[in-house]
Amino acid sequence: MKEFKIILSTLLLIGLISCTPKTQNVTKVDVESVVDLPSEIEKVVKTDQEWKAELTEQEYYVIRDKGTERPHTSNLLDNKEAGVYTCKACSLPLFSSHTKYKSGTGWPSYYEPIKKDYIKEDTDYNLGYARTEVVCARCDGHLGHVFPDGPKPTGLRYCINGVSLGFEKAEEDADKP
Ligand SMILES: [Zn+2]
């Protein structure tokens, strides 16, 4: 019986450890020391022609045509530096590095946006079933999708195309006054 209890508690411990989210950056980033956070979103509206001139072919395909980059191709996927991920098309700050985690999907994944109203949600049926698309609230650029299978504390997985993102590195010593 005693052995059984030991096995049970060992199993419980293993279970607890494997449930811990694999966050890459535990240090909380002082987002506002890296980027400005607008309190009101002023829409960025451009013609297709203008977007085509500003974005690369791949960026245009993902951001304006709602395409998906091939998994494991983004150089931001394994980026573990502290900083802020921004919208590639309009630079709106979207995700802080401390909410990035290794999801194993091949796309950069975050459990929470910097501000809820910086990202808009929409339902898309492109694969024949409903998925929640996420777009930049400022320029309506396609970012990716959000799924309810993420880690704590939100339980959400923002599955984002690296092509849709820029990255602003935080200062080495963000604690300085
Ligand atoms: Zn944008």
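## Contacts of Cys-136

Leaving aside neighbours within four places in sequence, Cys-136 is in contact with Cys-87, Ala-89, Cys-90, Leu-92, Leu-94, Ile-119, Gly-141 and Leu-143. Two residues are in contact if their C-beta atoms, placed from the backbone, lie within 7 Å.

The model is predicted: local features need pLDDT of at least 70, side-chain atom pairs count only at pLDDT 80 or more, and totals for chains, interfaces and linings use all residues. Residues are numbered from 1 along each chain as its sequence is written.

## The nonpolar core

Cys-136 also belongs to the largest nonpolar core, which has 31 residues. Together with Cys-87, Leu-94 and Ile-160, Cys-136 touches the most other members. A nonpolar core is a set of buried Ala, Val, Leu, Ile, Met, Phe, Trp, Tyr and Cys residues joined through C-beta atoms within 7 Å. A residue is buried if 20 or more other C-beta atoms lie within 10 Å of its own, exposed if 12 or fewer, and partly exposed in between, with C-beta atoms placed from the backbone.

At least two residues of this core come from each of helix H2 (31–34), helix H4 (57–64), strand S1 (83–87), strand S2 (93–96), strand S6 (131–136), strand S7 (142–147) and strand S8 (157–160). Helices (H or I, at least four residues) and strands (E, at least two) are DSSP runs, numbered from the N terminus.

## Overall make-up

The protein chain contains 4 helices and 9 strands. Along the sequence the pattern is α-α-α-α-β-β-β-β-β-β-β-β-β. Of the 177 residues in the protein chain, 32% are buried. Among contacts with a separation of 6 or more, 63% are between residues 24 or more positions apart.

## The sheet

An open sheet is formed by 6 strands in the order S3-S4-S8-S7-S6-S5, with antiparallel pairing. Strand S3 (100–101) and strand S5 (119–124) are the edge strands, each pairing on one side only. Two strands pair if DSSP finds at least two bridges between them. Strands of a sheet pair through backbone hydrogen bonds, either parallel or antiparallel.

Asp-122 stands opposite Glu-133 in S6. S5 and S6 form a hairpin with 6 residues between them, and Gly-128 in the turn has a positive phi of about 90°.

## Loops and backbone geometry

The loop between H4 and S1 holds Lys-66, which has a positive phi of about 55° although it is not a glycine. Lys-66 counts as partly exposed because it has 17 C-beta neighbours inside 10 Å. Lys-80 lies in the loop between H4 and S1, and is exposed because 9 other C-beta atoms are within 10 Å. Lys-80 and Ser-97 are 17 residues apart in sequence and 7.5 Å apart in space, C-alpha to C-alpha.

In the loop between S1 and S2 lies Ser-91. Ser-91 is a residue other than glycine with a positive phi, near 70°. Its 16 C-beta neighbours inside 10 Å are why Ser-91 counts as partly exposed. The loop between S7 and S8 contains Pro-153, and a cis peptide bond joins Lys-152 and Pro-153, with omega about 5°.
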